[in-house]
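Dear colleague,

Please find the structure below, with its sequence. My notes on it follow directly after.

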Amino acid sequence: MRKFNVTVNGKSYSVNVEEVGESAPVQAPATAPASVATAPVAAKPVKGDGTPVTAPMPGLILDLAHKDGDTVKEGEKVVVLEAMKMENDINASAGGTITYVVKKGDNVDTGAILAYIN
């Protein structure tokens, strides 16, 4: 038996753990894990001028509120960004015609350009 002290939610517990048999060396699995998280990618810039709409935080693009070429008004929702299990509306910083740089399912970093408004 081996004795350990464990703290859970600020409360300390003393536990006894029984060792069974000899410990075998741990081997890594032969295949890669099924779900591998993808690193956030910076959005690719679109050629042309315009006011950029940027990500205020890293997250996942859940929805694009318009189609490329649609006219948007300043302050209107243009992207839904999931960050820390919360949906955040990203609004247009100017009025004009929107051209998206990202698509649904993309991961973006803070400051990544999501769209341009001309």
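Predicted model: local features only at pLDDT ≥ 70, side-chain atom pairs only at ≥ 80, totals over all residues.

Residues are numbered from 1 along each chain as its sequence is written, and side-chain values use heavy atoms, with hydrogens and water left out.

Overall composition

The protein chain contains zero helices and ten strands. Here helices (H or I, at least four residues) and strands (E, at least two) are DSSP runs, numbered from the N terminus. Of its 118 residues, 24% count as buried; buried means under 20% relative accessible area, exposed means over 50%, and partly exposed lies in between, with a 1.4 Å probe and protein chains only. The accessible surface of the protein chain is about 8700 Å², and 53% of this belongs to carbon and sulfur atoms. Such areas come from the Shrake-Rupley method with a 1.4 Å probe, and for residues only the protein chains shown count as cover. Among contacts between residues at least 6 apart in sequence, 53% join residues at least 24 apart, a contact being heavy atoms within 4.5 Å.

Strand pairing

Strands of a sheet pair through backbone hydrogen bonds, either parallel or antiparallel. For this model, two strands pair if DSSP finds at least two bridges between them. An open sheet is formed by four strands in the order β3-β10-β8-β5, with antiparallel pairing. At its edges stand β3 (51–54) and β5 (71–72); each has a single partner strand, so one side of each is left without a neighbour in the sheet. Within this sheet, β8 (residues 96–100) and β10 (residues 113–117) are paired in the antiparallel sense over three bridges. Y100 has A115 in β10 as its bridge partner.

β1 and β2 are also paired in the antiparallel sense, over seven bridges. The two strands form a hairpin with two residues between them, and N9 in the turn has a positive phi of about 50°.

A nonpolar surface patch

F4, V6, V8, Y13 and V17 form a nonpolar patch on the surface, with about 380 Å² of accessible area together. β1 (2–8) and β2 (11–17) are the elements that give two or more residues to this patch, and the largest share, three residues, comes from β1. Patches are made of residues with over 30% relative accessible area and no salt bridge; like charges are joined within 9 Å, and nonpolar side chains (Val, Leu, Ile, Met, Phe, Trp, Tyr) within 5 Å. F4, found in strand β1, is partly exposed at a relative accessible area of 36%.

Salt bridges

Side chains of opposite charge can pair when their charged atoms come close. A salt bridge is taken here as a side-chain nitrogen of Lys or Arg within 4 Å of a carboxyl oxygen of Asp or Glu. By this rule the model has two salt bridges.

One of them joins D63 and K104, whose closest N and O atoms are 3.6 Å apart. D63 lies in strand β4 and K104 in the loop between β8 and β9 (107–108), so the pair ties together parts that are 41 residues apart in sequence. D63 is partly exposed, at 29% relative accessibility, whereas K104 is exposed, at 54%.

The other pairs K103 with D106, with the closest N and O atoms 3.0 Å apart. K103 is exposed, with a relative accessible area of 54%, while D106 is buried, at 16%.

Two individual residues

L64 is found in strand β4 (residues 59–64) and is partly exposed at 21% relative accessibility. Leaving aside neighbours within four places in sequence, L64 is in contact with V78, V79, Y100, V102, K103 and K104.

N88 lies in strand β7 (residues 86–91) and counts as buried at 19% relative accessibility. Not counting residues up to four places away in sequence, N88 touches M57, V79, V80, L81 and A83.

Yours sincerely
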